[in-house]
Amino acid sequence: MLSAVASFSSLYFATLLLLLGTGLINTYLGISLAEAQVSEIWVGTLIAVYYLGLVLGARTGHRLIASVGHIRAYTATAAVVTVAVLVQALVDNLWVWTFLRFMAGLAMVTQFISIESWLNEQTDNTSRGRVLAFYMVFSGLGTVLGQLSLTLFPELDFRPLVFSGICSILCLIPVALTRRLHPTVPQPAPIMLFYYLKRVPMSLAVVLVGGVLTGSFYGLGPVFAYKQNLSSDQVAIFVAAAVAAGLVSQWPLGWLADRVDRAGLIRINALLLFIITVPLWGWLDLPYWALLVLSCGLGVLQFTLYPIGAAFANDNVDPERRVGLSAVLLMVYGFGACLGPLLVGVIMRELQPGTLFIFAAVCAALLVAYVRPERVTGENLSQDAPTHFVPMTEIQTTPVVAEMDPRVDPETDISYNVDPMEEEQDAMEDSDESQMSSSLGQETVPEHGSGTKV
């Protein structure tokens with residue numbers, strides 16, 4: 001176990017520093033803008049465009065790495081992220097800040113692709129699970145420490161931005177000095193959205209809601225906590241408690257998810273999430289300790305929706321299509337993370353801070369109503385189902401890391417060889433042939449199976 005950490009220590013440490021700066025600035029923006037009485041719409045927009053940059057930057061990042069190599073691409077994009085952070089300390093204009101946060105997300109995803117390519121290229125089949133687990137641990141730890149580092153700055157002036165910029169520069173050192181061989185240039189998996197939408201619609205709904213809730217909490221959670229008359233230190237701890245609880249709970253939850261029906265587990269998770277948001281609707285004056293307890297509960301329930309939804313999807317997709325599935329899951333999750341802060345920002349501006357959790361309760365109720373075990377037909381159940389639960393963090397990871405997933409076999413995966421348009425056309429032709437054969441009283445066997453309501 002320790003040898004796995006030691007062999008990739010430079011890459012893990014770079015990830016830790018990278019997410020430390022990111023975790024700090026996301027919470028800093030929420031608190032500082034709330035102090036300045038800036039509209040919640042702006043706060044939501046700044047978080048939304050950051051996630052939008054992460055989603056859109058994956059393809060650009062692949063092309064950049066293919067053109068100049070991993071270290072040059074990592075160095076260039078780290079410089080872009082650093083400049084985007086530090087310019088915010090010099091320019092006090094929200095339109096400029098919006099552009100800078102988009103550019104930060106666009107550039108940062110290339111850094112993740114570079115690190116994950118190294119991890120994936122130099123990991124054998126026997127250790128992929130351990131390497132991925134430690135990568136997720138360091139990612140989550142960096143995010144938690146980023147929240148807590150805000151307590152070092154009693155006054156929310158430009159210094160947190162400088163600290164975040166320093167972290168962005170320091171994360172260059174482990175990568176620049178790594179002795180590891182350069183990995184091959186990664187190829188982006190095609191986005192076969194319609195194929196997977198027909199195959200696992202229930203799982204994609206879970207992932208979408210998980211993204212909506214995560215983006216909303218990161219963007220507007222600090223604003224909610226600040227308007228509960230908490231200090232900036234207390235706000236940072238409130239957010240850090242949720243992130244830490246969500247990270248730690250993934251291992252015991254994974255043990256449970258491997259032993260019970262996953263559709264039922266998702267439904268129970270959503271029901272508990274609905275219940276735990278009720279005290280936060282704004283009709284109770286809660287003490288600080290109660291807010292921390294509820295924050296931990298929120299972290300356990302909302303930050304685990306993505307890995308449970310991903311496990312649910314993997315159960316119903318053929319093993320050779322799972323890299324492509326990961327690409328779609330991340331895209332859907334990222335879209336939710338963009339949409340959530342925008343919607344909640346508008347609602348909080350028009351109503352009151354507690355509507356953040358009224359919105360979360362509505363999302364949870366929709367999952368309770370939609371995800372039902374009796375709707376799972378099992379028609380497309382994979383031969384290795386139930387697949388093992390794999391702990392996962394949020395959108396910061398890219399489809400490259402999917403190849404380290406123990407549920408994926410890179411040697412047999414065909415996701416990269418499939419044309420999405422051709423796949424969709426074949427599916428439509430199969431459907432037409434099936435209907436024609438049915439009318440003639442003949443039996444047909446589709447190549448990839450019929451869509452299952454999972």
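Of the 454 residues in the protein, 56% count as buried. The structure described here is a predicted model. Its secondary structure consists of 18 helices and zero strands. Among contacts in the protein with a separation of 6 or more, 88% are made by residues 24 or more positions apart. The accessible surface amounts to about 18700 Å², and carbon and sulfur atoms contribute 65% of that area.

Helix 2 covers residues 9-35, a run of 27 residues. From the first C-alpha of helix 2 to the last, the distance is 39 Å, which is close to the 39 Å expected at 1.5 Å a residue. Just after helix 2, glutamine 37 adopts a positive phi of about 60°.

The relative accessibility of serine 232 is 11%. Since buried means under 20% relative accessible area, serine 232 counts as buried. When residues up to four places away in sequence are not counted, serine 232 touches Ile31, Phe153, Pro154 and Leu156. One of these partners, Ile31, falls within the residue range 9-35 of helix 2.

Key:
Residues are numbered from 1 along each chain as its sequence is written. This is a predicted model: local features need pLDDT of at least 70, side-chain atom pairs count only at pLDDT 80 or more; totals for chains, interfaces and linings use all residues. Side-chain values use heavy atoms; hydrogens and water are left out. Helices (H or I, at least four residues) and strands (E, at least two) are DSSP runs, numbered from the N terminus. Buried means under 20% relative accessible area, exposed over 50%, partly exposed in between (1.4 Å probe, protein chains only). Contact means heavy atoms within 4.5 Å. Accessible areas come from the Shrake-Rupley method with a 1.4 Å probe; for residues, only the protein chains shown count as cover. The expected span of a helix is 1.5 Å times one less than its number of residues.
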